[in-house]
Amino acid sequence: MPAPGTSALVVELPAAAGLLEAAVAVSPPLVRPGLPPHVTALYPFLPAAELTDEVDAAVTALAAAHEAIDVALAEVVVAPGFVAAAAPALQPLADAACDRWPGVQPYGGRFGPHPPAHLTVAMGGSDEQNTEVTRRVERLLPLTARAEALHLVVLTGQSWQLRLTAPLAAPAR
């Protein structure tokens, strides 16, 4: 679990709850508690002490510059101790967040300056658990989930607290 005061920019995808439920059915500790299914735009974000009205305004402007969209989750990504669903439709938003705050290294720089957008399904599993989670998740894909807002969340104690919900722009008609 990250340290209290850590923040993140995330796009919640409640329609993908079944993917996390599939992982919980294999082993509950594989799913991190506290946030609904989501794609991370930038983690870690700024420390809580640096979150200001100006930062909130910048997050709101970033969200308004991107349209609400349907996110197709169709591909499972597996790495040691990790199972995710690729979310390429949210890559432009994630890239824009990384570009807007270039001093913030997503995931501490482990995956480069623009990590692939994904919905984490399970973390910390054994190879056998990952195989079973993957099998269960593949049965649920493809699925489509609606991305409507960018959320700024802050870890306080043992839970994530919502600081800001910034709606994504309505699609042009």
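Colleague: What does it take for two strands to pair?

Modeller: Two strands pair if DSSP finds at least two bridges between them. This is a predicted model. Here E5 and strand E6, residues 118-123, pair in the antiparallel sense over five bridges.

Colleague: Which residue in E6 is the bridge partner of Ala 86?

Modeller: His 118.

Colleague: In which sense do E4 and E5 pair?

Modeller: Antiparallel again, over four bridges. Strand E4 covers residues 76-79. E4 and E5 form a hairpin with two residues between them. Look at Gly 81 in that turn: its phi is positive, about 75 degrees.

Colleague: How do I read the two faces of a strand?

Modeller: In a regular strand the side chains alternate between the two faces of the sheet. Now go to E5. Phe 82, Ala 84 and Ala 86 lie on one side, Val 83 and Ala 85 on the other.

Colleague: Next, empty space. How is it found?

Modeller: Rolling a probe the size of a water molecule over the atoms shows where empty space is left. In this structure there is one cavity of 30 Å³ or more. The largest cavity has a volume of about 40 Å³.

Colleague: Which residues line the largest cavity?

Modeller: Thr 40, Ala 41, Ala 94, Cys 98, Tyr 107, Pro 115, Pro 116 and Ala 117. Strand E2 (38-42) and helix H3 (91-100) each supply at least two of the lining residues. By class, the lining has seven nonpolar residues, one polar and no charged.

Colleague: And how much space lies in the largest pocket?

Modeller: About 810 Å³. Its lining counts 34 residues. Nearest the centre of the pocket are Thr 40, Tyr 107, His 118, Thr 120 and Met 123. Strands E1 (7-12), E2, E4, E5 and E6 are the elements that give two or more residues to this lining.

Colleague: Which element gives the most to the lining of the largest pocket?

Modeller: E6, with five residues. Find His 118 there: this residue is the bridge partner of Ala 86, and it is among those nearest the pocket centre.

Colleague: How does the pocket lining split by class?

Modeller: 27 nonpolar, five polar and two charged residues.

Key
Residues numbered from 1 in each chain as written. Predicted model: local features only at pLDDT ≥ 70, side-chain atom pairs only at ≥ 80, totals over all residues. Heavy atoms only, no water. Buried < 20%, exposed > 50% of the residue type's maximum accessible area, 1.4 Å probe, protein only. 1 Å grid on protein atoms, 1.4 Å probe; cavity = no way out; pocket = protein on both sides within 12 Å on 5 of 7 lines; lining within 4 Å. Points joined across faces, edges and corners; volume = space filled by probe spheres on them. Nonpolar A, V, L, I, M, F, W, Y, C, P; charged D, E, K, R; others polar.
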